[in-house]
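Hi,

Here is the structure I promised to send over. Have a look first, then read my notes below.

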Amino acid sequence: MEVWDVVVVGAGPAGASAAYAAAVAGRRVLLLEKSELPRYKTCGGGIIGPSRDSLPPGFELPLQDRVNAVTFSLDGRFARTRRSRRMLFGLINRPEFDAQLVEHAQKAGAELRTGASVIRVEQHGPSVPDRRTVAVVLADGETVLARAVVGADGSASRIGAHVGVKLGQVDLGLEAEIPVPPSVAEDWKGRVLIDWGPMPGSYGWVFPKGDTLTVGVISARGEGAATKRYMEDFVARLGLAGFEPTISSGHLTRCRTDDSPLSRGRVLVCGDAAGLLEPWTREGISYALRSGRLAGEWAVRVAEANDAVDARRQALNYAFAIKAGLGVEMAVGRRMLALFERRPGLLHATITGFRPAWNAFADITRGSATLGGMVRSNGMARRALEILDKRMDTSSGVGPAGRGVTARERAESESETEPGAEPGTGTDREVGGHGTAAASESSEAAEQL
């Protein structure tokens, strides 16, 4: 059978970035995607500096708007708008953005196959001809062979289940794409809204994209009814209840624990499949692009490894690269989320009334600074977080250890699988509905409601 150098599962930003990185290195790359492209994804579509800087050379962002103003509010109150002379970040629609990333991977030499649903990977057994090969088994029974596999198949990843990815934070996001008349669209042009929500750790957003507003909210899993009420109240408060959404969707975001593995044998995971996202804002595009690029680069090295020891060494190097960069940022994000959960009013007052805090926000969104870098270099910020850490019960998993998730709650979450099923091996948990159609009842996100 034909053996590919690298097989990438999932053609989102992480997968497309991995396929591009491996293809530009001159390797034979196959990119598998279960859906037809372009396809909708529940996502605000904010492109911050780190995302922009991680795009392939020559990539032209399909921006729907350029943001230079942010209105912050505290559950609908104390609204204040901060402005910048320079663009803070851009806004895109995911179908066009993802499809363009895939096109760049194809131009680099990667081969795309859509309608290819992966049900499992095997590194031992009759389907595997030798120890240098991984078998990727598709739903139609076909087996694809590779020297290395990159799992980028979303937050309910089958490849992540194979690797053994562990999750310490799960949140439910609801979103609607709402067409608005020109007069309303003009009022939002160049400005976004971020509303610190009524439940601990929750917030809502409005992102303008031409004649459509992307409106959404997110909060901790297990607060489905409250999250739905927040979404309904948020839309009504904005005066948008009279406009019918073209798409209403829900999605579960999952964030890895510090000790979660990033590889197993010749299989690497990246993006949502690895639980890589910013814990406080749940921003995932930049994490997908950056981890995908690293996964593609190290998958090339894994593919070249002649034995299990060398393959393991290259996989560990990939894990080190992730933890040294994205892992540091995630650790600070967890601490920021703990602060936000306990003192949202303090955070709101700081970012709207304290110019250095606003400047820090602007620098992070533009990509001239990172949250982790600021904590390392800013003594005041570092001391504030150290004081916070001392006040939190890390022994029970609260705070920096995992977004207020106790050991018992985590065990209960891990046990919530169908009888006989392995944790994390279910179908894709994203929900999408067009018009006013309800989200699929078979999805975990819908169950939260």
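**What I found**

Helix α6 is followed by Gly239, which has a positive phi, near 75°. Before going on: this is a predicted model, where local features need pLDDT of at least 70, side-chain atom pairs count only at pLDDT 80 or more, and totals for chains, interfaces and linings use all residues. Residues are numbered from 1 along each chain as its sequence is written, and side-chain values use heavy atoms, with hydrogens and water left out.

The protein has 14 helices and 19 strands (DSSP runs numbered from the N terminus: H or I of at least four residues for helices, E of at least two for strands). Of its 449 residues, 55% count as buried (under 20% relative accessible area, 1.4 Å probe, protein chains only).

Back to α6. Its buried residues are Gly224, Ala226, Thr227, Tyr230, Met231, Phe234 and Val235. They cover an arc of only 165° around the axis, so they sit on the same side of α6 (the arc is taken from the directions from the helix axis to the C-beta atoms). Among what covers them are β12 (167–179) and β15 (212–220).

Then there is the pair α7 (residues 285–304) and α8 (residues 308–342): the two pack at an angle of about 165°, with axes 9 Å apart (axes are lines fitted to C-alpha atoms over the stretch in contact, and angles run from 0 to 180 degrees between N-to-C directions). The helices α7 and α8 are therefore roughly antiparallel to each other (angles over 145 degrees). Residues making the contact include Trp298 of α7 and Tyr318 of α8 (heavy atoms within 4.5 Å).

Cheers

How values were computed
Buried < 20%, exposed > 50% of the residue type's maximum accessible area, 1.4 Å probe, protein only. Parallel < 35°, antiparallel > 145°, perpendicular 65-115°, else oblique.
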